Amino acid sequence: MPFPTLQNDVFLRALMREPVPYTPLWLMRQAGRYLPEYNETRAKAGSFLGLAQNPEYACEVTLQPLRRFELDAAILFSDILTIPHAMGLGLDFLAGEGPKFSKPLRTESDVAKLAVPDMSALQYVFDAVTLIRKELHGKVPLIGFAGSPWTVGCYMVEGQGSSDYRLIKTMLYQRPDLLHRILEVNAQATVQYLNAQIEAGAQAVMIFDSWGGVLADGQFQEFSLAYTRKVVQSLTRHSDGRAVPVIVFTKGGGLWLEEIAAVGADAMGLDWTVNLAQARQRVGDSVALQGNLDPMALFGGEEAIRTQARRVIDDFGAVGKGGHVFNLGHGISRFTPPEAVAILTDEVHKHSRGKH
């Protein structure tokens, strides 16, 4: 069954560095705990996994921010750890502690048993994508996503979030062969996973390398970037009669912008530590840029939000042959007042029209 005709494709065109009337805007974690309606739906679902694994609930929370704000894209509600969960590592989300695996990869035997999961174990994600596309009625495009092989691997080895990445870095230095095997399996799984999302209806995809920035120079290129490149180069790049843009985002990746821009994606996300004008100069408009307001600016009150939004847009400058998608430099804080997002959206759309 064909999907409804897309009415607002400004986000997709900006990613492809095509002319647009204004700078499009979406927010990482825009469907999340800062919205009271999200918390109500999560309570109904009983748990985070209950929410993510139910296509109707996932669809509902994906659409919630679009009912409140004039955003230019929807992003699938899911989690980057769905793949290792399908691999049998036993994912759970503990209140106040975040994700935890009951069977982390610690031994050679653990790593030897690792395999790309059957994508049917992730059918709930693809069903959610298709349902969201239908329920959007063409209002804005839908973004699918996955974690980078390295970032997902961090959770698989550490068993949970980490402050020092001691376990995975011990493996990196003591047994790089084991880590390369984990990353290779993750890359193959991520390609299948994202391509299945595209087939189900995702109109753009994003790879979140949230922990790439914890690696030393040299290690980043070998253990993170090389596997992100493998994924990008194997993705479906055309579907439903148009290009499917790919965004890569490495938090803490400011040192390596030129190398990240060269992996073959259409756009590169930037965290808030990077100056957009300098980033644009360094990569020479070879890719679109996405970002990069400090998420904490949303706590500054209306005047500060508008001032900081204008600063980001002015830093990027006249769009010309470039492409800019406005976003935060990382996910929105759960404590953000929803009215701050309304102010941000208004200012970005108003102020950016003079740059196009």
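User: How many aromatic pairs does a search of the whole structure find?
Analyst: This is a predicted model. Rings count as a pair if their centres lie within 6.5 Å. Searching the whole structure gives a total of 8.

User: Which residues do ring pairs link into a cluster?
Analyst: The cluster is built from ring pairs. Its members are Tyr38, Phe48, Phe77 and Phe93.

User: Is Thr62 buried or exposed?
Analyst: Thr62 sits in helix α4, residues 55–68. Its relative accessible area is 1%. Buried means under 20%, so Thr62 is buried.

User: Which residue has its backbone oxygen 2.7 Å from a polar atom of the side chain of Thr62?
Analyst: Beyond four places in sequence, Thr62 touches Ala31, Ala74, Ile75, Leu76, Phe77, Ile132 and Leu142. The 2.7 Å distance involves another residue's backbone oxygen and the Thr62 side chain. That oxygen belongs to Ala58.

User: What span should the 14 residues of helix α7 have?
Analyst: Helix α7 covers residues 123–136. The estimate uses 1.5 Å a residue.

User: Which elements do the buried residues of α7 pack against?
Analyst: The buried residues of α7 are Tyr124, Val125, Phe126, Ala128, Val129, Ile132, Arg133 and Leu136. Ile132 is also touched by Thr62. The packing partners are α3, α4, β1, α5, β4 and α10.

User: Which residue follows α7 with a positive phi?
Analyst: The phi in question is near 55°. The residue after α7 is His137.

Methods: Residues numbered from 1 in each chain as written. Predicted model: local features only at pLDDT ≥ 70, side-chain atom pairs only at ≥ 80, totals over all residues. Heavy atoms only, no water. Phe/Tyr/Trp six-rings, centres within 6.5 Å; stacked < 30°, edge-to-face > 60°. Helix = DSSP H or I, 4+ residues; strand = E, 2+ residues; numbered from the N terminus. Buried < 20%, exposed > 50% of the residue type's maximum accessible area, 1.4 Å probe, protein only. Polar contact = N/O pair within 3.5 Å; in protein donor to acceptor, adjacent residues only side chain to side chain. Contact = heavy atoms within 4.5 Å. Expected span 1.5 Å × (residues − 1).
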